[in-house]
Structures are given as C-alpha cells and as structure tokens.
Amino acid sequence: MTVDATRVRAVVLKEFRQYRRNKFILYTMVVMPIVFLFVPISTILGLSSSLPESAVRGAVGSVFLLMFIIPVVVPASIAAYSVIGEREQGTLEPVLTTPLSREEFVLGKALATLLPGALLSYAVFIVVMAVLRTAAHPNVVHALWQVPWFVAELLFAPLLAAWSTWVGTAISVRSSDVRVAQQLGTLASLPALGITSLMTFQVLKPTVVVALVVAAVLVIIDVGAWRVVSHLFDRERLITGTAASRSVP
Amino acid sequence: MVRDVTASATAVVANGDDEARGRVGDLVVDLESKDGDVDRWRPLVNSKPVWFVRRRIGFGVRPVSWQGWVVSVIALGIVVATLIGRGRSTSSTASIVVVVGLYLAVGYARSVRRTTSTVAESVQSIDDAVPRSARSPGETVARAVLANVTQRSLRETAQATGSPANAIDVTNLTKRFGERTAFLDVTFSVARGEVFGFLGPNGAGKTTTVRTLSTLIEPTSGQARIAGIALEPENGEAIRQKISVMTESPGLYAKLSVNENLEFFVGLYRLPNGAARIGDALEAVNLSARANDPCGSLSKGLRQRVGLARALLNDPEIIFLDEPTSGLDPVATREVSDLIVSLRSRGVTIFLTTHRLEEAERLCDRVAILNTTLRVVGRTDDLRQQLFSSSLEVVTSEPLLRPDDVFARVPAISSWRRDDAGHYVLETLSPKATAPAVARALVAANADIESLVESHHSLEDVYLQLIDQDAEVRP
C-alpha cells in the first residue's frame with residue numbers, strides 16, 4: 001500500500017473549500033465548541049473557595065472531560081456525511097474513476113475532518129485555560145495548571161478526533177442514508193472517551209507517563225481503524241449498492 | 001540496448017543499408033536471450049513469496065534503481081551485522097538473504113521485460129512513421145526483425161508498455177449481481193484511436209460494462225485488458241491513470257467553481273502544469289469564460305461540458321463517455337460531437353455509450369449492440385448488410401393491377417412485398433443495376449412512378465431489428 005501525498009492533499013483541499021462554502025457545516029463545527037467554552041468556565045468560576053481538594057480535582061476532571069468531548073463530537077457528524085454525502089450528490093463515481101486509492105481517499109477525508117476538530121479543541125482549550133488562569137481561585141488554578149493535562153490535551157485532541165472521524169467514516173461508507181449515518185456516527189464515537197475518562201475521573205492518576213501511554217493506545221487504535229475503514233471502503237458497494245466478491249483498491 | 005536497437009532501426013528506416021540491418025539483427029539476438037531469461041524467471045516472478053514481497057514491502061523500488069541498491073545494501077548490511085554480532089541466528093539471516101535474492105531476481109526479470117517491451121514500441125513507431133504501402137525493403141526488414149523478437153512475448157510486452165494493438169480487449173466477460181445478470185459472456189476489442197459505440201436498451205448492461213472496464217466494479221468472470229493492462233484488482237490504479245470516464249451525470253461539486261472542480265482532479269491525477277491543462281480543457285469545450293462560476297449555477301448542458309473537460313485533463317488513452325449528450329440541446333450536442341471527432345484525430349480511443357443512434361452512426365467507427373449478451377459488433381455498413389438484404393423501394397401513384405406480372409419481368413428481383421398501397425419493396429442483390437429494368441417494367445405496365453430508390457437501413461433499423469428479435473425470444 002502506498003499513499004500519495006499529492007492526492008491526499010487534493011482531497012483535503014477540496015473538502016476545506018466545500019466547508020468554506022457550506023454555512024451549515026461551518027455552524028455545525030462552531031456551535032458545539034462555543035457551548036463547551038462557557039460550560040467549564042461557569043462551572044469552575046462557580047466553585048466555592050472552601051471546597052475540599054478532592055472536590056476541586058473532580059471539578060477539574062470534568063472540565064477536561066468536556067475538553068475531550070469537543071474533538072469527539074465535532075468531526076463525528078461531518079465524517080459520517082463524508083462518503084455517503086458524495087454518493088448522494090453523484091460526485092463519488094467520477095472521483096473513484098481516478099487513480100485515487102481507497103486508502104488515500106479515506107485518509108484525505110479523515111484529515112479534512114479531524115484537523116478542524118483538533119484545532120477547534122485547541123482553541124477552546126487555550127481560551128478556557130486563559131480565562132480560568134486569570135479568574136479562578138488559586139486552589140483551582142493549582143489543580144488545573146498541571147503539565148499532564150496539557151500533554152493530554154495536546155495528544156488526545158487529534159487522536160480522539162481521529163477516532164471519531166474513523167468511526168464516522170466507517171458508518172458513512174456502509175450506510176445508505178445520510179441522517180442515519182450522522183446520528184450513528186456521533187453515538188458510536190463516544191466510547192473512545194472511556195479511555196480518556198480514566199484520567200479525568202482520576203481512576204488513573206493524571207501523570208505525563210499515563211497521558212503518553214493512553215495516547216499510545218489511541219495511536220494504535222487510530223492506525224488500526226484507518227486500515228479497517230479502508231477495507232470497508234468497497235467501490236462496488238458504494239456505486240451499485242451490492243458488495244463485491246473482492247474489493248478493487 | 002534498446003536505444004541501440006531503435007537507433008539502428010531508425011537508420012534502416014532512413015537508409016535501408018545492410019550494415020544497420022545487421023546491427024539490428026545482432027541486438028535482437030541479444031535481446032532474445034534476455035527474453036529467454038524472462039521466461040526462466042517468470043514462474044518465480046509469479047510465485048507467492050515474490051508476490052508477497054512486492055505487495056508488502058513495496059516493489060515500486062527496483063534493484064536496478066538507486067533506491068533499490070540502497071535497500072539491497074541495507075539488507076546486506078543487516079545480514080553481515082547479524083553474522084558478526086550473533087553468529088548463530090542463521091534463520092533470520094537466511095530469510096533476509098532469501099528476501100533480498102527474490103527482490104533482485106524479480107527486479108532483474110522486470111527490467112528485462114521492460115527492455116524487450118520497448119522494442120515493441122520501436123515496431124509501432126515504424127508502423128506509425130511509414131505506411132505499409134510506402135515502406136521500403138529496408139524498412140520492411142527492420143520492422144520484421146523487430147517484430148520477430150517481440151512476437152513471442154507480445155502479451156507480456158503489451159502488459160509492460162501499455163502499447164498494445166488494441167486499446168481494449170474483452171474476453172468472455174460476465175457480471176452478475178446475485179441472481180441478476182448485468183451482462184453475460186461479452187467478447188469484443190476496441191482498436192487504438194477508434195470511436196467505439198456501445199448501444200443497447202435501458203438495463204442492457206452498458207453502464208455496468210463501463211463501470212467494470214473502468215475498474216469501479218469487478219467482473220464475475222472473464223478477462224479484459226484496458227490500455228494493455230490486465231483488468232485485475234491490483235492493476236486498478238494503473239488502469240485508472242490511463243483512462244478517464246465521463247459518467248452520465250457529470251457529478252460536479254455544486255458549491256465549487258468550475259476551476260476548483262478541475263483543480264481537484266488535477267491533484268488526483270498528479271498532473272504537472274495544472275493551470276495550463278485546465279485552461280486547455282476548458283478551451284476545448286468552449287467554457288473558458290465560465291471558469292470561475294460555481295458549477296451549481298450552470299445549466300445541465302454546461303455542466304456536461306465541465307464533465308467533458310474533466311475527462312480530458314489527464315490526456316487519457318481511453319475515454320469512456322456514458323451518454324455524453326444526454327439532456328443537451330442540438331447546438332451543445334453538435335459541440336460534443338465535434339469534440340469527439342477532434343479527440344479521435346488525436347488518437348484517443350473513445351468508448352461511447354449512447355441512446356442516440358444517429359449520433360453513433362455518424363461518429364463511431366464500429367458499434368456493438370448489447371442486450372445482456374452482445375448481439376453484434378461491427379461497422380454499421382457491415383451490420384446493415386448482415387441483417388438486411390439489399391432492396392429497391394418503388395412508389396406508384398396507384399396500386400399495380402398485377403404486380404406479380406410486372407416484377408416477374410425483372411429476373412434480378414428475388415422476391416417482393418407490398419408495404420402499403422402503391423409501395424413495393426423489391427429484394428435484389430444489386431439495386432443500382434436492377435433499377436433501370438424495374439423502371440422499364442413499370443412503364444410497360446402503364447404505372448405512374450412516384451419514386452424508385454434503393455432502400456436505406458439506418459443503424460436504428462439494425463438496432464430495432466436485433467432488439468425486436470430479443471423481445472420475441474424472451475418471454
């Protein structure tokens with residue numbers, strides 16, 4: 001399997017152009033992060049200064065859980081639309097008659113979905129942390145301003161976005177209805193949060209090593225998911241609705 | 001080596017001198033020995049371990065290239081390091097040696113195959129440069145010598161160079177979707193530079209055939225070669241690089257401009273000078289002025305033209321056009337027809353599926369009529385002759401009183417029938433030669449002749465005849 005960067009870049013660029021021209025997609029991307037911008041800030045700023053340390057840690061954990069939900073939720077519905085949307089518009093067949101391989105196609109689609117998801121997560125994270133750093137109680141800031149959380153956010157945001165993207169794309173390549181694909185895509189991508197929740201709920205003590213290990217697990221899952229989605233991508237099924245005996249690469 | 005052969009062949013073509021001819025002969029003998037090497041290596045090349053190596057560690061890197069040498073040197077370094085460092089890890093060493101050995105062997109065999117294949121191109125270049133009738137004895141010898149070396153492995157050379165005589169070869173191709181048969185046991189060839197019409201009623205399997213040949217879907221059985229490449233799952237990308245497909249619905253991104261749509265496909269084909277190619281393609285379909293318009297704002301005809309421009313971008317060897325004039329007005333239809341003619345003059349092979357029979361008759365060198373099975377393939381004139389006997393049509397102002405007597409006076413008429421009052425169809429082997437005798441016989445019978453013409457059967461008649469036959473056969 002060889003992946004050509006030029007073709008992948010062409011897919012990504014085309015997707016970005018479509019996002020720019022499609023206000024619905026832009027709103028979908030932006031609304032959710034805005035909600036997640038205000039909820040953690042109001043939660044933390046509303047904490048009493050006399051709260052015990054465990055309660056503060058719990059509240060901080062919930063903030064990061066919200067931060068990790070953004071990269072999961074934002075790409076999910078867009079990824080779920082990615083392939084079946086092309087099929088419904090009638091644009092898929094011409095694309096599949098080019099030398100573009102299925103790996104390149106799904107990778108391009110995935111990158112175009114997960115990059116905005118990850119970048120929006122970073123943006124929200126930076127704003128939330130900056131506001132809380134200046135306005136929150138020092139005890140809370142102490143619990144919040146820990147290196148492991150920064151490492152976790154840096155690594156988990158793209159990896160969770162990638163997972164969500166793969167799940168959405170997998171549903172998209174096998175679904176026959178856009179609405180079902182989008183609903184399923186969002187729901188099916190949530191279980192990935194289970195891994196990161198081990199940190200946010202303090203089941204695993206948030207340390208840099210734990211963050212790196214969890215990130216490594218997510219990398220393995222994401223790479224595996226890319227391969228699985230690539231194999232699920234069946235040109236014949238997508239064009240005719242009938243599965244091929246062997247799939248064409 | 002190949003440069004030498006080509007240079008010598010060129011000299012023969014230019015001068016026809018014996019020395020150059022002898023030089024070609026020597027080089028050919030040398031190449032033949034290498035071709036023998038290919039035969040020896042072929043079982044190895046096709047063996048499962050080599051397939052595995054090629055697929056899994058990537059055989060885009062060849063030992064004959066610098067990347068290949070780097071890989072080989074690194075692998076050998078590992079072997080040496082293993083031998084020095086551990087001494088007893090013979091199994092890992094052996095496996096690396098086997099992999100490297102297979103790698104080098106396959107690379108060598110492939111390079112030899114490529115070499116002999118290029119000779120086939122030389123033959124082709126002689127054919128292209130000098131028509132058979134105008135060929136000098138020297139040129140004939142050069143061609144014969146060159147052709148001889150490649151004849152034995154013509155299939156392999158065609159596969160390697162992508163320069164076979166036929167652009168498309170289809171043999172016993174069948175596609176089934178479960179219980180439903182889309183097309184059955186289809187066999188035909190399309191020559192390079194030919195405009196090939198693919199006709200048939202709705203549901204006959206035309207679009208499925210195009211999808212199969214363009215690697216979108218896989219045949220259930222049978223073989224095909226597209227642009228000289230076998231229609232196999234592993235060759236999908238290579239085939240798609242050499243073809244383009246214009247689907248019935250152009251499938252454009254409505255919110256992107258014409259330019260942006262084409263830029264996307266320039267990227268997918270990895271084409272250099274993208275802007276220039278887009279400019280040329282838009283100019284070819286007379287759409288340069290609308291380059292920045294969103295595709296969603298274009299009429300159906302204009303969108304169809306954008307689809308055509310997209311199909312031209314990669315300068316394909318074969319273009320599959322699926323109903324290219326569907327929904328177009330007469331002017332736009334004429335423009336598409338002109339474009340097809342100009343593509344043919346550039347040597348592009350065109351596989352045209354259409355319901356417009358007059359269009360097919362006008363544009364296509366040959367046509368095939370499909371109705372799940374392939375009913376006929378051939379030039380329209382030949383098909384007419386196959387399906388219809390030649391005849392004369394006579395119209396008189398009043399019905400003849402005794403037509404039997406009138407037509408019996410003309411021995412060349414084998415049979416006749418009356419289609420309408422005063423309208424007679426006379427079967428004859430030679431309508432032109434028989435017409436004067438018929439006229440005389442009619443005048444002798446005091447008939448007023450309104451017209452006396454040779455019957456003309458259009459492609460539509462051929463088509464309807466065949467499809468009607470199918471309808472009678474199938475309940």
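Analyst: Happy to! Let's begin with a definition: a residue is buried under 20% relative accessible area, exposed over 50%, and partly exposed in between. Keep in mind that this is a predicted model.

User: Why is Asp405(B) called partly exposed?

Analyst: Its relative accessible area is 40%.

User: Is Arg402(B) buried or exposed?

Analyst: Arg402(B) has 59% relative accessibility, and the cut-off is over 50%, so Arg402(B) counts as exposed.

User: What makes the pair Arg402(B) and Asp405(B) a salt bridge?

Analyst: A salt bridge needs a side-chain nitrogen of Lys or Arg within 4 Å of a carboxyl oxygen of Asp or Glu. For Arg402(B) and Asp405(B) the N to O value is 3.7 Å, so the pair meets the rule.

User: Which parts of the chain does the salt bridge of Glu317(B) and Arg192(B) tie together?

Analyst: The closest N and O atoms of Glu317(B) and Arg192(B) are 3.5 Å apart. Glu317(B) sits in the loop between α12 and β7 of chain B, and Arg192(B) in the loop between β2 and β3 of chain B, so the pair ties together parts that are 125 residues apart in sequence. Glu317(B) is partly exposed at 27% relative accessibility, and Arg192(B) is partly exposed at 37%.

User: How do you know whether Arg305(B) is buried or exposed?

Analyst: Its relative accessible area is 14%; buried means under 20%, so Arg305(B) is buried. Its side chain meets that of Glu335(B) in a salt bridge of 3.2 Å, N to O. This pair links distant parts of the chain, with Arg305(B) in helix α12 of chain B and Glu335(B) in helix α13 of chain B, 30 residues apart. Glu335(B), at 29%, counts as partly exposed.

User: What makes Asn166(B) and Asp169(B) a polar contact?

Analyst: The side chains of Asn166(B) and Asp169(B) are joined at 3.0 Å, and the cut-off for N or O atoms is within 3.5 Å. Asn166(B) belongs to strand β1 of chain B. With 23% relative accessibility, Asn166(B) counts as partly exposed. Leaving out residues up to four places away in sequence, Asn166(B) touches Ser189(B), Val190(B), Ala191(B) and Arg192(B).

User: How do you know that β9 and β10 of chain B are paired?

Analyst: Pairing asks for at least two bridges. Five bridges join β9 and β10 of chain B, so these antiparallel strands pass. Ile369(B) stands opposite Val376(B) in β10(B). The two strands form a hairpin with one residue between them, and Thr372(B) in the turn has a positive phi of about 70 degrees.

User: How many salt bridges are there between chain A and chain B?

Analyst: There are seven salt bridges between chain A and chain B. One salt bridge joins the side chains of Arg270(B) and Asp4(A) at 2.6 Å, N to O; the cut-off is within 4 Å, so this pair qualifies. The contact takes 32 residues from chain A and 32 residues from chain B. Together the chains bury about 3,300 Å², 57% of it on carbon and sulfur atoms.

Key. Residues numbered from 1 in each chain as written. Chains lettered and ligands numbered in written order. Predicted model: local features only at pLDDT ≥ 70, side-chain atom pairs only at ≥ 80, totals over all residues. Heavy atoms only, no water. Helix = DSSP H or I, 4+ residues; strand = E, 2+ residues; numbered from the N terminus. Contact = heavy atoms within 4.5 Å. Buried area = accessible area lost by both parts, 1.4 Å probe. Buried < 20%, exposed > 50% of the residue type's maximum accessible area, 1.4 Å probe, protein only. Polar contact = N/O pair within 3.5 Å; in protein donor to acceptor, adjacent residues only side chain to side chain.
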